[in-house]
Amino acid sequence: MDPSREFMRDVKRVVVKVGTAVVTRPDGRLALGRLGAVCEQVKELLQEGIEVIFVTSGAVGVGRQKLRHQRMMNSSFVDLQRPQSDLDGKACAAVGQSGLMALYDHLFDLLDVACAQLLVTDNDFKNPAFREQLLDTCHTLISLRVVPVFNENDAISTRKAPYQDSTGIFWDNDSLAALLALELKADLLILLSDVEGLYTGPPSDPKSKLIHTYLKEKHDDMVTFGEKSRVGRGGMTAKVYAAWNAASAGIPVVITSGFGSKGLQRVLSGEKVGTLFHKDANRWVALKETGAREMAVAARNASRRLQALSTAERRRALLDVADALEANEALIRAENDADLEIAHQAKTSPSLIGRLTMKPGKITALANSIRVLADMKEPVGKILQRTEVADGLVLEKTTCPLGVVLVIFESRPDALVQIASLAIRSGNGLLLKGGKEAIRSNAILHKVITDALPKSVGPALIGLVTTREEIPDLLKLDDTIDLVIPRGSNQLVSQIKESTKIPVLGHADGVCHVYVDKAADVEKAQRIIMDSKLDYPAACNAMTLLVHEALVEDGRLEKLVFALQSSGVSLYGGPRAVEKLRLPKAANFHTEYSALACTVEIVEDENAAIDHIHEFGSAHTDCIVTEDNDIAEKFLQSVDSAAIFRNASTRFCDGARFGLGAEVGISTSRIHARGPVGVEGLLTTRWLLRGNGHLVSGDRGVVYTHRNLSNEESVKSFANGDASCNGSAH
């Protein structure tokens, strides 16, 4: 639950107002599906013990549709060719009210919910006796679990158009909902619209940002209304005025979309959806807060300053970060212990706690890996290709940073250090979003690292995103963020891929295999499978075991199974393993246990093993254990995974172990980078062309040589030139 929405825990009575854009479709017809979904949500709230008062718009729109149809049916062809006069709004309201209420009655009746219609005008509220009677009636209906459905009686209302009559007690259904929330002492008012909430610009504009919490001092000048409304919805004017008035009187208000299937439940569960109006909004919103776009732009600008540094200065920055981590080890460990204590109290799974824990020696190991990165050959500005295009015209293909990288990872705080150090080494700006389980560990690590950066670069190089609600805004920034790397569960990676236009690099599963061939040395095989599973069970490269059927016949499989079970590994079998070994049946071959558990299956030969890996594996890391060179090479060349090993633990698939210094993650993609992604995976290329007044001029007078210059010339040019890459590839 978002801190600004914690008051939702105490909500017992809510007023829900449904806007015309929710009630009707663009052609004026009723949106039956949406209305049915809203009614279902109301029923769920009633079942949870929450009292609901309903306010609806749409009667005029429904009546207008009916009257247009009526007029068409009663008109001659000649009549229809003449200009049609506008229909009277009050007549439309009178016709539409009965139809709209009949629909609500039917929809609620299907859900075994009773409802009652109450039509009111602003003049009614001028009568104290009326107000008292209205309260009594509503309280009686609510006590009987009947949903009161309010609508302004536009058919007989004497008020003028909205905002022309400042004397009215209310002036539309939005302000009616706010008034009822006050009169009935509701705990919350929800205004359902056709957009997610209040935006800083038209919702269709990718630069527009959803305002999660409205602060008048900050947002009043940012958003304009009426015909020039930057939110792009005329009806939003009334909603904002009504919401502000109700919030000022102490009734929290949320403006959100009525198009979703669980919108009301999401609001009341405390999710950061829609726009919140609250009298204490200044406690949660900074007047000059940094938004997602500002953070990304600041990271890009800082990365350009970093790229402008010399190789020696960038190396010094990494060494300073390594020293700062070791100097602050006690503080980092204390914050990590606090995260672990909260995780234990929350009964977090052992596998997640394992990833969260920063064991003794971890800080030193991380610092040393950063020093390895610092001592690597300069990766930025490296000349990959040098070509003489024409006499005196030389073209170079060089490496340079991607720009800004967003990395979303779950519970491993050590990942923050690895990713940040790789960003510094590769000259990229970085945005980080860690799991809530490691919030204190991530915060202190981020502070230690950014405090150690050169002042000329600044801490904005590495931004730390602190709430999950900011991720959707970040994923919209395909014009500012150049790559997203999700590290975590299959669900996380899949959600990210479905939610952004930004290129995504990562893997969705870690279903890795060790295939023990008939020609395997059983002692060697045992050591490899034990290390693959036991070294770090929560890792994404911990194995699934495939064995050749010959190992069943000679007893070698029994030895391997006994070794795993003796070490506390729970074994689950495929169909053949269940039959031969009497193991519990595995739920499926796609399971990544991230724990002391393993699937075992028996296969006919290496061909069957390869087919099994291709069908059920995740193209991450797969291994064969065999002494047969021909079978080994066949396996290595045939398996289509990011990393394929022979006679070595799958746990070797790691950036540090590969000598990359660190990794931002392991990619199972086939484009850009694959396997452990180190510095090279965070670089792209650009072309530098040096001439002396050369012109194309229709290719007249240009003699193309396209001569590949020698490696010696390239090396010499690189040594004498500037290795920095000022600016990004975008």
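Here are some notes on a predicted model, for someone opening it up for the first time.

1. **The overall picture.** The protein has 730 residues, and 53% of them are buried. Its secondary structure comes to 26 helices and 23 strands. If you take the contacts between residues at least 6 apart in sequence, 74% of them join residues at least 24 apart. So much for the totals; the rest of these notes go through particular spots.

2. **Helix 15 against helix 16.** Two packed helices are described by the angle between their axes and the distance between the axes. For helix 15 and helix 16, the angle is about 15° and the axes are 10 Å apart. An angle under 35 degrees counts as roughly parallel, and helix 15 and helix 16 are therefore roughly parallel to each other. Their crossing is right-handed. On the helix 15 side, the contact uses Lys362, Leu366, Ile370, Leu373 and Ala374, while helix 16 brings Asp414, Val417, Gln418, Ser421, Leu422 and Arg425. Sorted by class, that contact has six nonpolar, two polar and three charged residues.

3. Side chains of opposite charge can pair when their charged atoms come close. Lys362 and Asp414 do this here, with a salt bridge of 3.6 Å from N to O. Lys362 sits in helix 15 (residues 362-374) and Asp414 in helix 16, so the bridge ties together parts that are 52 residues apart in sequence.

4. **Helix 16 against helix 17.** Now turn to what helix 16 does with helix 17. The axes of helix 16 (residues 413-426) and helix 17 (residues 439-451) come within 9 Å and cross at roughly 25°. That angle makes helix 16 roughly parallel to helix 17. This crossing is right-handed. From helix 16, the residues in the contact are Pro413, Leu416, Val417, Ala420 and Ile424; from helix 17 they are Ser441, Asn442, Leu445, His446 and Ile449. The class count for this contact is seven nonpolar, three polar and no charged residues.

5. **Other salt bridges.** How many salt bridges are there in the model? The count comes to 30. One of them joins Arg576 to Glu549, with the closest N and O atoms 2.9 Å apart. That pair links distant parts of the chain: Arg576 is in helix 23 (residues 575-581), and Glu549 is in the loop between strand 15 (543-548) and helix 21 (550-553), 27 residues away. Arg576 is partly exposed at 32% relative accessible area, and Glu549 is partly exposed at 25%. Another bridge is between Lys279 and Asp280, where the closest N and O atoms are 3.5 Å apart. With 51% relative accessibility, Lys279 counts as exposed. There is also a network of salt bridges linking Arg316, Asp320, Asp323, Glu326 and Arg371.

6. Is helix 7 largely enclosed or largely open? Of its 11 residues, 10 are buried, so helix 7 is largely enclosed by the rest of the structure. The buried ones include Asn173, Asp174, Ser175 and Glu183, along with Leu176, Leu179 and Leu180. After the helix comes Lys185, which has a positive phi, near 55°. Phe170 lies in the loop between strand 4 (146-152) and helix 7 (173-183). At 1% relative accessibility, Phe170 counts as buried. Phe170 is 49 residues from Thr121 in sequence, yet their C-alpha atoms are 8.3 Å apart in space.

7. **Glu606.** A last stop is Glu606, which is found in helix 24 (residues 606-616). Is Glu606 buried or exposed? Glu606 is buried, with a relative accessible area of 12%; the cut-off for buried is under 20%. Setting aside neighbours within four places in sequence, the residues in contact with Glu606 are Tyr515, Asp517, Ile631 and Lys634.

How values were computed. Residues are numbered from 1 along each chain as its sequence is written. This is a predicted model: local features need pLDDT of at least 70, side-chain atom pairs count only at pLDDT 80 or more; totals for chains, interfaces and linings use all residues. Side-chain values use heavy atoms; hydrogens and water are left out. Axes are lines fitted to C-alpha atoms, for helices over the stretch in contact, and angles run from 0 to 180 degrees between N-to-C directions. Helices (H or I, at least four residues) and strands (E, at least two) are DSSP runs, numbered from the N terminus. Angles under 35 degrees count as roughly parallel, over 145 as roughly antiparallel, 65 to 115 as roughly perpendicular and the rest as oblique. A crossing is left-handed if the near helix is turned anticlockwise from the far one by less than a right angle, and right-handed if clockwise. Contact means heavy atoms within 4.5 Å. Ala, Val, Leu, Ile, Met, Phe, Trp, Tyr, Cys and Pro count as nonpolar, Asp, Glu, Lys and Arg as charged, and the others, Gly among them, as polar. A salt bridge is a side-chain nitrogen of Lys or Arg within 4 Å of a carboxyl oxygen of Asp or Glu. Buried means under 20% relative accessible area, exposed over 50%, partly exposed in between (1.4 Å probe, protein chains only).
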